[in-house]
Amino acid sequence: SSHEHKLNFKKSKEVCLSYIQDAMLQKQWKRAAEFLTFYIESLEKDFSTEYMGPSEIIWRIGTEILCHHPHSSMKEFNFFTEQMKTLGVKRYLKVCLEHAFHLLCNGLTDEAYQNLSLAESWRFGEQTAIQDKEMKLIQAYRGLLDYYSWSKQKNILLEHGQDGFEDFSVEQEMHSCFRKAAVNLKEIIKIPGVWDIFVKCYVDLLEFYGDHNEALQVLNEYAYNSKFPANPNAHVYLYQFLKRHGESKKSLLSALKILHDIVPSHELMIDFNTMLQKSKKRKKRQLALEVIFAALDYASWKENVKAWSCLAKQVKQIVISEKHLDWIKQEWTSRKDWWPAFHFSRYLAKRNWQENERLSYEKALVAGILLGKDCKYFKYVSHQGCKAQVKRFRILKRFVNKHNPVYLRISG
Amino acid sequence: RDFNERCAQCSEVNWGLTDGGRFYCRSCHNVTEITREVVNTDFISNARIQTISKGLRKQEKTDEGCEWYVCEGFQLVLKKQAEALEALGVCRQMKDDILCNFWRRYLQKSKQAYCNRPAAETVKALSVCDSSTDVDSEPERPSLLHLLSLSESEGDLQTDCSFASSTSKVSESTSVCSGSVDGSLYLMKNQKEKLRMTMPMTLSFCYMALLWLREPMTLSDLLRFVVEGHIPYFNVFQHFPEKMKLCGLDLKIFCVESWPVYEEVYKKMLELAAFLDLPRFPDITDSCFLHPDMLCMKYLMEANLPDELHNWTCRVVKKICIGEADFLTLVPGNKSTRNVKYDVLAAAVIVVVLKLLFLLDDHYEWLLSDFAEERNKNNKEGGPYFEFKKWYKVIKCSLDVEQKKLDEERAKYLWRCEKPLFYSAKKKSKVLKRRQMVVNLQNQFGKLSGSVQPAEKPNPSSFQLSWSEENTDGSCFHGHSLKGILQEKCGLLTAMNPDYWLCTVKLCNEKLCGHLAHYREVDFPQSYHFVLRLFSFLLRIQPSYIHDEVCVIEHKLFNKKLCKKPKYNTCLRK
């Protein structure tokens, strides 16, 4: 390693920064603070051409240190952040926002609210327009805090209502919070983005005051407007809303269809499959099979009894009716190379049998149909089940033996 | 010097002059109110000299400060540096006689003072920029930014422009762009032929004076003291009197934000000596500190090597005639003689001696060490034999520790001081606010640093590593004997090692590529690199500089053999 004996301001600060970073990575907060004190003078020499200048670096590093340092306190943090706010006007709102987040994370909701309100009233020439996005976020989060206030008031009212008290002032405050919250939340969700929490809260407000149309419109926009980034949660919220309000099966299914396309492993796929199986339309029932197979492609579903029982039920039904075996064939073609090792190994057979008899039952049924009676999984489980004299396993064994030729047709 | 009154306080007659031109008593430092009008009868006096000698008594704009010229600033810097050197033990002659005279000679040669028509005459038209008539008559009036971007390597200072440039369009009618009268002129004209004064050059002046006096301070020592803060160099404007306002372009001239570089200071010193038409410097004889025999002794001690090696270094020095006064003494302007870097030379001699005795090919030195270890077992009387392995372990450990400390110091180096800089009066409040914030933040995080106190300036010491023979852990090798690696031949002790490898077969042409040799760590044995690294640390210079010097010495030493042109560039039989 060649040790340079030259040194200039820029180089020494670069080196200093690397010491700070090392200390932080090793969680040596005192050491990081120590080196930061030597880095700080670079504020007097703002490298305005660089991507990230000293003031931003100091803000971020200082924040990190103050979050973790054992001798740090909220007071220290606040003092520091206030200094940072005056440091760079271009970053003012961002610092305010992060300050508010930090206060919230520490449970200081009132302080956070004050901060956000203060930031909302900030004006600085053309900067105000440039930092429009941050401003919207600040307003949105303030709106969110208004929502929480509203929620608290609502609960108080409900309690009092139960006790028979009427509380006019609380009610008034509650409505005022609602208005404040609604205005800001509505604004932010107009902008394309991921606003799960804002949407949920806004919808909650609308539902309470009975504005179902608006709520539905908001949810539809959030889910279907192509300008918004693809967000599975949007569809989940929509589905839940529709379900709450007893909407038609058709609309429920279309909401879930998109969810299946985006996140085939979503937990709502069980519901989806169940609803589809009940449908009179053939296409829907085929889709059901598709959906449940797709869900079980994912490791998170491997030991889910419900999922396997859905699949088993449908497979059984198809086999008995002897119609639409081609559906199974279609799903199985792309899976027959890897599902056996993934789901139906001998090891899994043993484990499933030991840990969850029901699970092994459902899986054994599927395995028996798809892989035949001689497959490892089925043989082991059915043998164990019969040995243990569990009735359904005997029935299962007979069923699979009877329909063994099916496997040959499926596996082609 | 014709003031003969007795001092009111101590009754002595021992007067000196302050900056302000007042008499002060050297014995008790009592400052009088009596000032002195200087009329230098040697030269034709003009307003310039009076300004310098009178000091800063002209106060035309009382709230803004006074007029001052750039060279006055440098004069002040040199004075402060000389005082600091005096505090370090350098003889007083340096400040009052030598440096002073060098400086005056410089001013004379560069036509800034003590001469008929100083170049500064044209200054007035440019620098006082609040009259519009001047503007009309100077079409190529440079903009503030243009001046800032000129030549000098202080590129970092450009970024201070962000305080000045982004909003300010320096309009023609704004007030002066520098606190000094001739700041803009100073930067503008290409004064290479006149050797324009810079901050690094102040160190060249100092070194030149030290060399003239043959003081026991090498250039690497001097530069190390600068970096350690014992000699004013960074933020030297703190020492300027209140009235001497620094702003704008003065910053570019007087503010340094990089460590002085050995090569640069040395080269400038040579240029300076030639420029000033100095005669041959006082001889460096073998009783001088800078003589290789002396310096080798010092470095051997510092490197924790046996004293007995000194015999060998002296032998090498004698053999290649680098101990001669004619070789060692500086003769300015003489391009035929190679100029001597005393510290590098001494270090290189030691490296060569180590190669002679231990070969340092990553193989032999360890074998030899084992051999010495064996012999040590039977060695009952006298001191222990020197074992390379043991020495290596001790030194490596210390070196790593010290290097790590040095690296951390580099990371912790502070460049700014309490007195803030600003380009223009307009930016003053912003700069002051920033400074206040910096101080606040430093305090806040300083408290969170734990028990670490800001390190006091270490006491200046000429030795960076020290070893004591009183240590019972055997970590001091000064008294160790080389007998373990020597053998008797014809009644003389010679090295057991019969071989030698040259660092390079052929020296490069310095004029073409700037170096005599090219050092790459991977091309050489690790032991060799280790030794270079050790001296590189002590001298605070790149290993390649020492390597260059080693090559030169080797070529002198093995001159005869080289002329025979051996086929392979590795081993040589001695």
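**Note on the predicted two-chain model**

1. A:Cys105 is an exposed residue, and its relative accessible area is 70%. This value, like every other one in this note, refers to a predicted model. A:Cys105 is accordingly in no disulfide, and the nearest cysteine sulfur, which belongs to A:Cys67, is 8.6 Å away. A pair of cysteine sulfurs would have to be within 2.5 Å to be counted.

2. The note now turns to the place where the chains meet. On one side 43 residues of chain A take part, and they are in contact with 41 residues of chain B. About 4,100 Å² of area is buried between chain A and chain B, and carbon and sulfur atoms give 58% of this area. Three residues deserve mention by name: A:His5, A:Leu7 and A:Glu44 supply 20% of the area that chain A buries against chain B, more than any other three residues.

3. Which helices of chain A each supply at least two residues of the side that touches chain B? They are α1 (9–25), α2 (29–39), α3 (54–68) and α4 (74–87). The largest share, eight residues, comes from α2(A). By residue class, the side of chain A that touches chain B is made up of 18 nonpolar, 13 polar and twelve charged residues.

4. Three salt bridges are counted between chain A and chain B. In one of them, the side chain of A:Arg31 meets that of B:Glu408, with 3.0 Å from N to O. A:Glu34 forms a salt bridge with B:Lys412, and here the closest N and O atoms are 2.4 Å apart. Because A:Glu34 lies in helix α2 of chain A, while B:Lys412 is in the loop between α18 (388–411) and α19 (428–447) of chain B, this pair joins two chains. Is A:Glu34 buried or exposed? A:Glu34 is buried, at a relative accessible area of 9%. A network of salt bridges links A:Arg31, A:Glu34, B:Glu408 and B:Lys412.

5. Other salt bridges lie within a single chain. Over all chains, the whole structure holds 46 salt bridges. In chain A, the side chains of A:Glu214 and A:Lys186 meet at 3.9 Å, N to O, in a salt bridge. A:Glu214 is in helix α11 (residues 212–224) and A:Lys186 in helix α9 (residues 168–188), so the pair ties together parts of chain A that are 28 residues apart in sequence. A:Lys186 is partly exposed, with a relative accessible area of 36%. In chain B, B:Lys245 forms a salt bridge with B:Glu242, with 3.9 Å between the closest N and O atoms. B:Lys245 is partly exposed at 35%, and B:Glu242 counts as exposed at 60% relative accessibility.

6. Helix α13 of chain B, residues 292–302, is mostly covered, for eight of its eleven residues are buried. Among these buried residues are B:Leu295, B:Cys296, B:Tyr299 and B:Leu300, and charged residues including B:Asp293, B:Lys298 and B:Glu302. What covers the buried residues of α13(B)? The cover includes α10 (219–227), α14 (309–319), α15 (325–328), α16 (342–358) and α21 (526–539) of chain B. After α13(B) comes B:Asn304, whose phi is positive, near 60°.

7. B:Arg435 is buried, with a relative accessible area of 10%. Its neighbours within four places in sequence aside, B:Arg435 is in contact with A:Glu44 of chain A and with B:Arg416, B:Cys417, B:Glu418 and B:Pro420 of chain B. A:Glu44 has already been named among the three residues that together supply 20% of the area chain A buries against chain B. From B:Arg435 to B:Ser184 there are 251 residues in sequence and 27 Å in space, C-alpha to C-alpha.

Notes:
Residues numbered from 1 in each chain as written. Chains lettered and ligands numbered in written order. Predicted model: local features only at pLDDT ≥ 70, side-chain atom pairs only at ≥ 80, totals over all residues. Heavy atoms only, no water. Buried < 20%, exposed > 50% of the residue type's maximum accessible area, 1.4 Å probe, protein only. Contact = heavy atoms within 4.5 Å. Buried area = accessible area lost by both parts, 1.4 Å probe. Salt bridge = Lys/Arg side-chain N within 4 Å of Asp/Glu carboxyl O. Helix = DSSP H or I, 4+ residues; strand = E, 2+ residues; numbered from the N terminus.
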